[in-house]
Amino acid sequence: GNAHNILRFFEHHVTFSVGEARYGSAPSNAPERAFIPQALMLDHLKRTLHVAMAFAFYDAFPSLRRVYLNAPPPLRSFDHIEDFPAVFRDSLERMGPVPDDLRLHLYKLQTEAMRSLAKDAGAVFVDVDPGLMDEDGFLKEDYVTQDPTHANDVYGGIMLDCIYARAGELM
């Protein structure tokens, strides 16, 4: 997952925006950025996420139902990533932060890609409980841990409850 996290967290040397010509882009009003059509970015995310999935594991247990659990939403504070860079230390030293609206837009596209991959695989897709996100869609501070991408144990418990609530779909 670190390849798409780098895409979402750190500014590429060729800055870009993602969107659709008739609906606008994120970040908005950024004509100096290269424009990437939303459909192209979605296809890219589907391909990279598909490759990252554990299909060898699935093939070993073909009768089990698959659950695709969506990743936690991004943190609002880039300062937190700077404070706890973990595997992203190198990227942090070379690149600046992606604008918040682009980071959130890329997360939403990643969610759409995961939902699509789950459907194609006949899997149950479990999205993030809305109560874990702030009003804009970022991870609430209550669920942040000393890690740039993962949420804390309380978040994990709530998401386990979301999985248990859908147990009937897994039979």
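Which residue is found in the segment after H7? Leu170 is. This is a predicted model, in which local features need pLDDT of at least 70, side-chain atom pairs count only at pLDDT 80 or more, and totals for chains, interfaces and linings use all residues. Residues are numbered from 1 along each chain as its sequence is written, and side-chain values use heavy atoms, with hydrogens and water left out.

Start with confidence. pLDDT is the predictor's confidence in each residue, from 0 to 100. The protein chain has a mean of 80, with 77% of its residues at 70 or more. Helices (H or I, at least four residues) and strands (E, at least two) are DSSP runs, numbered from the N terminus. Helix H7 (residues 153–165) has the highest mean pLDDT of the elements, 94. Helix H1 (residues 2–9) has the lowest, 53.

Back to Leu170. Its relative accessible area is 24%, so Leu170 is partly exposed (buried is under 20%, exposed over 50%, partly exposed in between; 1.4 Å probe, protein chains only). Contact means heavy atoms within 4.5 Å. Not counting residues up to four places away in sequence, Leu170 touches Arg65, Val67, Val124 and Ile163. Arg66 is 104 residues away along the chain, yet its C-alpha atom is 7.8 Å from that of Leu170.

Now take Ser17, in strand S1 (residues 16–20). Ser17 is buried, because its relative accessible area is 2%. Beyond its neighbours within four places in sequence, its contacts include Ser25, Arg33 and Phe35.

Last comes helix H6 (residues 100–121). Among its buried residues are Leu102, Tyr107 and Met114. Just after H6, Gly122 takes a positive phi of about 70°.

Note on methods. The expected span of a helix is 1.5 Å times one less than its number of residues.
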